[in-house]
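Please walk me through this model in the viewer, one selection at a time. Tell me what to pick and what is found there.

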Amino acid sequence: MKNVEDYWTETERFGFQKVQQNGKITYTLSGDKGVGTYELWGDPNTAVAIYMDYTLNTPWTVLASTKERYLQVSQFYSGSVDIYRKKRELNPSELGLNCYLNYPGDYGYKRVNPRVRIVDMGLFYRENFFEKLPFSLPEDFWESAARVLNPSALVIPAVTNALDQLFTCRLTGHELELYVHGKAYEVFALLFEYIYKNIQAPPVHLSSTDRMALEQVKVILANHLMDPPKITQLAAMVGVNQQKLMTGFRYLNGMTVYHYLKRLRMQKAVELLRDTNLSVLEIAQAVGYYGDGHFQSAFRAAYGISPSKMRRDLSK
C-alpha cells in the first residue's frame, strides 16, 4: 500500500519541482510535460489545503492505493481528474463540489488528461486530524460518511462558499497556516452536519462486537487472496451468523464480501504490475487466479484496460 506522502512524491517524479516557503509547499511544472503549480497550504500531517492550477502536455497516471483513512473535499473550477475503479465508471472529480472519504481503502488509478487546464481548491483531512478533534467521532462515522459523501457530486453551498474564500486567500506564512486551520474545522463541521442529516438506518443491528468481527473479515481476506475462506468458514472464524456477515458487511463497506475480495485482488495486481517484473500469468496466480484468461477478463472489468496497458501507463 502507498501512503499519502507517496502521492506527493509522485508529483516530483512526474516533473514538478518542490519549494517550501511562507507556509506553503509549492510544486511547479514547466517544460515539455506542461506548466502550472500544485500547492499544499498549512499542515500536511493533519489538514492541508490543496490548490491546483496546471495544464499538462502529456497524460499523468498515478496508482491510487492506500489504506490510510482520509477525507478530501474539492471545488473544481476548471477541468476534471478521472479516477478509475470500475470499467468506464470513472468517478471523475469534475466541475463543482466533490468529496471522497477513503474507506474502506483506496484502489485503482487516477489519470489527468493532457491539454486540460485543472483549477481546483480543496481540503485534505488525514487521520491525525480526526484523532485531535475535541470529541470522539461516532462509532459509525467512517462507514456512514462514505455512504453519504462518495456516491456522487454534492451540493452544499456553505462548503462551496468556504472553499471559494480559501481560493481567494492571499495570506502567507503563519497567518495562512492559521487561516487554513480555521477553514478546515469550519468545512468539517458543515460536512459532519450534512452526513448525519442524510444517513440511513442499517438493515440489521450491529453491536460493537459485530463491527469488530466484520472488520476482521477484511483482514482475513487480505491475508488469503489465493485461498479465501468460504462464507460459512468466515462466519465461524469471526463469530457471527452468515446472514449478519453478508448483510452487515455490505452495509458497512458498500459491497459484498465477494466484491471486496475481488477488489483486493485487483489492487494487489496493480501493485505487482508497478513494483515487480513478474509476468501477467505469475501475477494472476499470486492474487488467486489460476488462468490468465480469467484474470485478464476480471482486470478489464475492474479498470477498463488490460494488465499490460496498466503496466505501461504506470511506468511513464
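**Stop 1: a lysine and its contacts**

Select Lys-183: leaving out residues up to four places away in sequence, Lys-183 touches Leu-123, Tyr-125, Ala-162, Gln-165 and Leu-166, where contact means heavy atoms within 4.5 Å. Lys-183 lies in helix H5; helices (H or I, at least four residues) and strands (E, at least two) are DSSP runs numbered from the N terminus. Lys-183 is buried, at a relative accessible area of 7%. Buried means under 20% relative accessible area, exposed over 50% and partly exposed in between, with a 1.4 Å probe and protein chains only.

The model is predicted, so local features need pLDDT of at least 70 and side-chain atom pairs count only at pLDDT 80 or more, while totals for chains, interfaces and linings use all residues. Residues are numbered from 1 along each chain as its sequence is written, and side-chain values use heavy atoms, without hydrogens and water.

**Stop 2: helix H4**

Select residues 157-167, which form helix H4. Which residues of H4 are buried? They are Val-159, Thr-160, Ala-162, Leu-163 and Leu-166. These residues are on the same side of H4 because they cover an arc of only 160 degrees around the axis, the arc being that of the directions from the helix axis to the C-beta atoms.

**Stop 3: two positive phi values**

Most residues other than glycine have a negative phi. Go to Asn-22, in the loop between strand E1 (17-21) and strand E2 (24-29). Phi of Asn-22 is near 55 degrees, a positive value. Asn-22 counts as partly exposed, at 48% relative accessibility.

Then select Arg-115, in the loop between strand E9 (109-112) and E10. Arg-115 is not a glycine, yet has a positive phi of about 60 degrees. Is Arg-115 buried or exposed? At 66% relative accessibility, Arg-115 counts as exposed.

**Stop 4: Ile-25**

Ile-25 lies in strand E2 and counts as buried at 10% relative accessibility. Leaving aside neighbours within four places in sequence, Ile-25 is in contact with Lys-18, Val-19, Gln-20, Tyr-38, Glu-39, Leu-40 and Pro-44. Draw a C-alpha to C-alpha distance from Ile-25 to Gln-216: the two are 191 residues apart in sequence and 38 Å apart in space.

**Stop 5: Leu-221**

Move to helix H6 (residues 208-223), where Leu-221 is found. Leu-221 is buried, with a relative accessible area of 1%. Residues up to four places away in sequence aside, Leu-221 touches Pro-228, Leu-234, Val-257, Tyr-260, Leu-261 and Leu-264. Tyr-260 is 39 residues from Leu-221 in sequence, and their C-alpha atoms are 8.5 Å apart.

**Stop 6: the whole chain**

Zoom out. The protein chain has 12 helices and 10 strands. Its C-alpha atoms fill a box of roughly 60 × 45 × 30 Å along the principal axes. The radius of gyration is 20 Å, which agrees with the value near 20 Å for a compact globule of 316 residues; it is taken over C-alpha atoms, and the globule rule is 2.2 Å times the number of residues to the power 0.38. Of the 316 residues, 51% count as buried. Among contacts between residues at least 6 apart in sequence, 70% join residues at least 24 apart.
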